[in-house]
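I'll talk through the overall fold and then the aromatic rings.

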Amino acid sequence: MSGGERGAPGKSASRAGRDLPAAIAVGVGLGAVILVALLTVRELFIGVVAVAVAISTYELASALKRGAGIQVALVPVLVGGQAALWLAWPLGRAGVLGAFVVTMLVCLMWRLKDGADGYLRDVTASVFTVAYVAVFASFAVMLVVPEDGVFRVLAFLIGVVLSDTGGYVAGVLLGKHPMAPTISPKKSWEGFAGSMVAGMVGGALTVGVLLDGQWWQGVLFGAAIVVTATAGDLVESLIKRDLGIKDMGTLLPGHGGLMDRMDSLLPSAVVSWLLLHLFVPA
């Protein structure tokens, strides 16, 4: 979770309300899988992203049905999401846009058989699901395409991890002022400040050292990642509150579902690609 957590001291679940040992173990395991994919064959990274997107899409669709009775067109959303990811490598933005538009058309037709009741609601949720998960994730794929793509992905991931870690530490130690009490009561402005410091320092180092960019570009990059990672976490928290659920799933001990870990990564992938494309063109 980005932006910092605050709360009263707890048991082994930590002050942030998580099973910290399990959360750390899962985080390290996921990080190791990503690093192995990046540092061996870059195409494997797309496979890792594709699996994560498929699981997250299923979790989000299940949560929408469980919490609000919304029926996502799961088959076209899953297939279209995979198409957007795999076409991002050879065709870039054109491939992603083409897959997304075709998926929208299929979703419109897929839902016809169930009649008018809830049609707009279900179609809208289907389009939202493929855009929010697969299309956003496609930007992570586009990050890895250039010759220095491994470093671009590392800059993106390190930025999100530092935002999360800086916010967690500052929030636990110093958190007193709630950031968004009606959405995520454990988030604090102190935690957000910790995220911002860690993110900007990390951005300056990764963009400057790994990508030969300017230090000020790295600072802006890190700050933008913190903002989008925090906003992504708050958005998913609001979605879960609207649906009346605690977690998107139960796959990852200490985290909830995989979608509960993707919330800060998805919007940050978009901003990472945009800023790195501007600052250090491939």
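**Overall picture, then rings**

So, buried residues make up 52% of the 282 residues in this protein, where buried means under 20% relative accessible area, exposed means over 50%, and partly exposed is in between, with a 1.4 Å probe and protein chains only. Quick caveat: this is a predicted model, where local features need pLDDT of at least 70 and side-chain atom pairs count only at pLDDT 80 or more, while totals for chains, interfaces and linings use all residues. Residues are numbered from 1 along each chain as its sequence is written, and side-chain values use heavy atoms, leaving out hydrogens and water.

On to the fold. We've got 10 helices and two strands, and from the N terminus they go α-α-α-α-α-α-β-β-α-α-α-α. Those are DSSP runs numbered from the N terminus: helices are H or I with at least four residues, strands are E with at least two.

What about contacts, meaning heavy atoms within 4.5 Å? Among those between residues at least 6 apart in sequence, 71% join residues at least 24 apart.

Now the rings. How many aromatic pairs does a search of the whole structure find? Five. Rings of Phe, Tyr and Trp (its six-membered ring) pair if their centres lie within 6.5 Å; planes under 30 degrees apart are stacked, over 60 edge-to-face, and the rest tilted.

Take Tyr132 and Phe136: their ring centres are 6.2 Å apart and the planes sit at 75°, so that pair is edge-to-face. Both are in helix α5, residues 119–144, four residues apart, about one turn of the helix. Tyr132 is buried at 7% relative accessible area, while Phe136 is partly exposed at 28%. Ring pairs also link these two with Phe128 into a cluster.

Then there's Phe139 with Trp273, also edge-to-face, at 5.7 Å centre to centre and 70° between the planes. This pair links distant parts of the chain, with Phe139 in helix α5 and Trp273 in helix α10 (residues 265–279), 134 residues apart. Phe139 is buried at 14%, and Trp273 is buried too, at 11%.

Terms used:
Contact = heavy atoms within 4.5 Å.
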